[in-house]
Amino acid sequence: FERNNEFVCLQCAYERSLSGSPELAIITGMSGTGKSTLANQLGHFVIGNGGMFLSGKFDSQEVKPFSAVASAFNNFCDVLTREVESERTIMVRSKLQTALGSDLFYLIQVIPNLSKLLCVNYTDMSPNQDDCVDAQQRFQYLFCQFVEVISVCSGFPMMLFMDDVQWADSASLSIIGHLLKTSCSKQDSMQFFFLGACRDDEMESDHLFWKMIASLNGFGFKTSRVTLNCMDRDTVTQVVSNILHLSPRLVFSLSDIVYHKTKGNPLFFSKMLHSLNKEGLLRLSLSRHRWEWDEEKIQSRALPDDVAMFFVQSISMLPIDVKMALVVLSCFGASIELEVIEAIETDLNLNLIEPLNTAIAEGLVNKLHGRFSFCHDRIHEAAYSMIDEQERCFHHMNYGLSLMSVLSSTENRSLLFAAVAQLNRGGPSAVQDQETYNRIANCNLLAGKRAIEMSDFATAFSFFDNGITFLRKKHWQRQYDLSLELFNLAAKCALAIIDLTSLTMICDEVSRNAHNFEDTLNTSFVLMTALTHSRITESVELGFRVLSNLGVDIPSSLSQGDSLNLIIQTQSTLLEISDEDFLSYRVLTDYKKVMAIKFLAKLENSIQQTNASLQPIVTVKIIQLTIEFGMSPISAIGFAYYGGMLAELGDIQGGYRYTKLAKVLLDSNQCNEIAGEVLFLFAELLSYIEPLQLTNDYRLQGQATAMAAGDIHWACMNKLMSSWALLWHEPSLSGVREAFISAENVSYT
C-alpha cells in the first residue's frame with residue numbers, strides 16, 4: 001500500500017527547503033494510518049541523496065528531559081564516534097570545542113554520546129548553574145550552535161523527523177522552533193528540514209505544536225501538511241490482490257470481509273492478515289499453487305471493533321510470562337532502557353528479558369540501541385489497559401520503589417528518571433509510611449536537580465511539585481531543610497517557565513514558614529526578577545522592601561543636587577583606591593551583603609524605567625557595600641553604571657576608567673549573568689575613546705556572551721547598537737543591511 005502522491009508532496013517540500021524556501025512539513029492522521037512509514041520512506045530518500053536523517057519519538061509517559069529530540073542527536077553522535085578519527089569527526093570536535101568551550105557541559109547532560117565524540121570527560125565539570133539570566137534560553141542557543149556546527153562540518157542537509165508530536169513537551173518544541181529559525185537566518189551554511197507526525201484527531205486547537213507552527217508561519221515559514229486516511233474498499237481489495245498475487249476478482253470475498261472488520265485501518269489490516277495466516281485461516285496451498293482461505297470461519301471469527309482491542313486479544317493469547325512482561329514494560333511507556341528492565345528483573349526476581357525476546361519474535365516489541373520499545377503505540381496501550389485501573393498506582397509504586405532501592409548504590413540518571421516517573425504515577429495514596437514519603441520527596445528533589453542541569457525547567461518543576469506533594473503535615477517543622485530546598489528550586493523553575501501564579505504561591509508559602517528572614521531571600525529575588533517582565537513597579541517596590549530589611553535604605557525621592565553630590569562624594573572615595581587594589585580586593589562572604597548587591601544590581605535597569613532619579617543612589621550603594629564589605633562577582637555592574645554617570649556629567653575619561661575597571665572585574669570573576677550588560681556599558685564609553693570598529697568587537701562579544709547566558713535583552717541591545725555603528729564605518733550599505741537582518745533574527749529568537 002503506497003502513498004505516492006503524499007510522498008511526492010513531502011519530497012517537494014524538502015527540496016524547496018534546500019533551495020532556500022523556509023518550509024517544514026507535518027503528517028497528520030489517526031493511529032495506524034502509516035504516518036511513521038511514510039516519514040521513514042522520505043528519510044530513505046534524504047539519505048539516498050546525500051542528506052542526514054535523524055529521528056525521535058515522543059512518549060506520553062516519558063519524563064526524561066528532551067528525551068525525544070536528544071535521542072535523535074545522541075544516535076547521530078554515536079555514528080560519528082564510530083567513524084574512527086575521520087576528517088568529519090575531527091572537524092566537528094574541533095569546531096564544537098572552539099565555539100562552545102566549557103558550555104558543552106550543558107549539552108552533554110542531554111546528549112551523553114557527545115562526550116565520547118569530544119574525547120573529553122566534561123561530566124566531571126560542575127559549572128555554576130545560577131551564573132546566567134535564563135538557563136532555558138542559554139540551552140536553546142547552545143543547542144542551535146551545536147546543530148549548526150554539525151551541519152556546516154558535514155556539508156549535508158539535515159532532516160529531523162519527530163513522531164507522535166501530540167505528546168511533545170514545551171521545552172522540546174521550543175528547541176525545534178529555535179532550530180528552524182536559526183536555519184532560516186543562516187541558509188548559506190545550515191540546511192535544516194523538520195518533519196513532524198501526529199494524531200491530529202487527539203489534539204486541541206490550542207495544542208503547543210499548533211502554536212509553534214503558527215509562530216513559524218509568522219516568521220515566514222510555509223507548512224506542507226499531508227493527511228493520511230484509512231484505505232477505502234477498492235484500495236483494500238487492490239492491496240490484498242498484490243499481497244496474494246491474485247486478481248482483484250478472486251480476492252474480493254476475502255478483502256470485503258477484511259475491510260468491514262478493519263475499517264481500512266492499515267495497521268489493523270496488516271495485523272489481521274498476519275493473524276489469519278498464523279491461525280491457518282489464510283494459507284498457501286501447495287497443490288493449487290496459490291493462496292486460499294476459509295471464508296466462513298473468517299466471517300464468523302469474533303473481532304473487536306478497533307485495533308487496540310485486537311491487540312488486547314492477541315496479547316491475552318500469549319504465554320503468561322510473555323503477557324506479564326509486556327504489562328510490566330507498558331508501565332514505563334512506549335520504550336525503556338534495557339538497564340531499567342534488568343534492574344526490575346533482578347530486584348523483584350521477575351523473568352522479563354527472555355519473555356520480551358519472545359514478544360520480539362511475535363512482532364510486538366523491538367530492541368534497538370539498548371532499548372525495548374513497543375512496535376506501535378496501540379500495542380503499548382493494549383498492554384497497559386490489561387491492568388485494572390484501581391491497581392495501576394500500586395504497580396507503578398512497586399516498580400518505582402524497586403528502582404529507588406537500586407539507586408542507593410549507583411548514580412544512574414536513566415534509573416533515576418524511570419524511578420521517579422513510576423513513584424509519581426503511583427502517587428502519595430500508594431504509600432503507607434512516613435519514611436517512604438520522605439525518601440520519595442528526596443528522590444524527586446534529586447531528579448529535579450538533574451533536570452535543571454539538563455536545562456529542562458518544566459520537567460524539573462514537575463519533579464519539585466511532586467516532591468512537595470509527598471511531604472506530610474507539619475513538614476516545615478519536621479523536614480525543614482528538605483521543604484525549603486524543594487520550594488526554593490520550584491520557585492526558580494516557575495520563573496524559568498513563566499508561571500507567575502505558582503511562583504507567587506510558593507513565595508507566600510516560604511514567607512509564612514521560613515525560620516528566618518535570610519531563608520526568604522532566594523524566593524523573593526526570584527519573584528522580583530519575574531515581576532520585572534510584566535509588573536515592573538511591583539518588582540521595584542519588592543526590591544526596596546527586601547533591601548530595607550537588609551539594612552540598605554533607598555529614599556523615595558532624590559533631588560538632582562543630592563544626586564550630583566552623591567556621585568562626587570563617591571568619586572572622592574574611589575580615588576583613594578587604585579584599580580590594582582580593586583582587582584585584589586577581599587572577597588565578600590557575608591550572605592546578607594551578597595544578596596543586597598544582587599537586589600541592587602537587579603534594580604539598576606528597572607529603576608531607569610520607573611524612577612530614574614533614584615538610579616545614582618542604587619549604583620552608589622553597590623559601590624559602598626563593595627568597599628566596606630568586599631568584592632562580589634556582581635559588583636562589576638555598579639562600577640559600569642557609575643562610569644556611565646560620570647560620562648553624562650562630562651567626565652568621559654573618568655567614566656571610561658570605571659567602565660574599564662568593570663570589564664576587568666568581569667573578566668577575572670567570569671560572571672556571565674551580568675556580562676552582556678557590563679560589556680554594553682563598557683562599549684558605550686569606549687566609543688568616545690577608540691574607533692567605532694574596535695567598540696563593535698566588544699558589542700559582538702557582549703551579544704555572544706549574553707546569548708550564552710540566556711540574556712536575550714542585552715544580546716539584542718549589543719547587536720542592535722553594533723548594527724547602528726556600522727552606519728558610520730561599514731564601507732557598503734549591503735553590509736549594513738545584512739547586519740540589521742541578523743539583528744532582527746536575534747530579537748526574534
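User: Which helix gives the most to the lining of the largest cavity?
Analyst: Helix 20, with 6 residues. Helices here are DSSP runs (H or I, at least four residues), and strands are E runs of at least two, numbered from the N terminus. The model is predicted: local features need pLDDT of at least 70, side-chain atom pairs count only at pLDDT 80 or more, and totals for chains, interfaces and linings use all residues. Residues are numbered from 1 along each chain as its sequence is written, and side-chain values use heavy atoms, with hydrogens and water left out.

User: How many cavities of 30 Å³ or more does the search find?
Analyst: The search of the whole structure finds 1. About 150 Å³ of space lies in the largest cavity.

User: What counts as a cavity, and as lining?
Analyst: On a 1 Å grid over the protein atoms alone, a cavity is a set of points where a 1.4 Å probe fits but cannot get out; lining residues have an atom within 4 Å of a point. A volume is the space filled by probe spheres set on the points, which are joined across faces, edges and corners.

User: New topic. At what angle do helix 19 and helix 21 pack?
Analyst: About 70°, with their axes 12 Å apart. Axes are lines fitted to C-alpha atoms over the stretch in contact, and angles run from 0 to 180 degrees between N-to-C directions. Helix 19 and helix 21 are therefore roughly perpendicular (65 to 115 degrees).

Definitions and conventions
Angles under 35 degrees count as roughly parallel, over 145 as roughly antiparallel, 65 to 115 as roughly perpendicular and the rest as oblique. On a 1 Å grid over the protein atoms alone, a cavity is a set of points where a 1.4 Å probe fits but cannot get out, and a pocket is an open set with protein on both sides within 12 Å along at least five of seven lines; lining residues have an atom within 4 Å of a point.
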